[in-house]
Amino acid sequence: MGLAWYIVGEKEVEGFDTFVDGKAIAHADEKILDDIFRELNAAPLMDFFSENPEELADFFDENADMPDDLKTEKWFSATDGLKTVRSLTAHLQTHPDAIAESGEILEDLKEYERILSRFEKQGIRWHLAIDF
């Protein structure tokens, strides 16, 4: 499938599709994204990363210990995620040359906003996950 960033809700919303492509944002230049987030004074998307420790354990062999900060799945406020997503969206809409593939990244952000808006209305926490 290739690298993709997607949203995981703390609980499912019956009949609500949380699928996002997430490939454009995952392949974006991290340094440029970090610079943009710093300029916007917004939390970087990767600040919202977490994984289920049982699933993450597959990436660590029996000789390597999992870092302590990955041993607990973390959940974040949808409101906080929306602030980051909306800040980056507004920036890329007014500065489309700020990063390569900004149109595709905006499509991913539109889907993130759709999901996080629903989670916010229903009080559902979330985190960003990575599909390798």
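## Basis and fold

Helices (H or I, at least four residues) and strands (E, at least two) are DSSP runs, numbered from the N terminus. This is a predicted model: local features need pLDDT of at least 70, side-chain atom pairs count only at pLDDT 80 or more, and totals for chains, interfaces and linings use all residues. Residues are numbered from 1 along each chain as its sequence is written, and side-chain values use heavy atoms, with hydrogens and water left out.

The chain has 5 helices and 2 strands. Their order along the sequence is β-α-α-α-α-α-β.

## Burial and contacts

The chain has 132 residues, and 36% of them count as buried. Buried means under 20% relative accessible area, exposed over 50%, and partly exposed in between (1.4 Å probe, protein chains only). The accessible surface comes to about 7,900 Å². Carbon and sulfur atoms hold 47% of that surface. Areas come from the Shrake-Rupley method with a 1.4 Å probe; for residues, only the protein chains shown count as cover.

Contact means heavy atoms within 4.5 Å. Among contacts in the chain with a separation of 6 or more, 74% join residues 24 or more positions apart.

## H91 in helix α4

Helix α4 contains H91. Is H91 buried or exposed? H91 is buried, because its relative accessibility is 7%. Setting aside neighbours within four places in sequence, H91 contacts I36, E39, L40 and A98.

## A negative patch

D29, E30, D34 and D47 form a negative surface patch. Patches are made of residues with over 30% relative accessible area and no salt bridge; like charges are joined within 9 Å. A salt bridge is a side-chain nitrogen of Lys or Arg within 4 Å of a carboxyl oxygen of Asp or Glu. Asp and Glu count as negative, Lys and Arg as positive; His and the chain ends are not counted. The charge is placed at CG of Asp or CD of Glu.

D34 belongs to helix α2 (residues 30-40). D34 has a relative accessible area of 35%, so it is partly exposed.

Most residues other than glycine have a negative phi. Which phi does N41 have? N41 is not a glycine, yet its phi is positive, about 55 degrees. N41 sits in the loop between α2 and α3 (53-56). N41 counts as exposed because its relative accessibility is 73%.

E101 is not a glycine either, and has a positive phi of about 65 degrees. E101 lies in the loop between α4 (78-94) and α5 (102-122).

Conventions. Patch = residues over 30% accessible without salt bridge, like charges linked within 9 Å, V, L, I, M, F, W, Y side chains within 5 Å.
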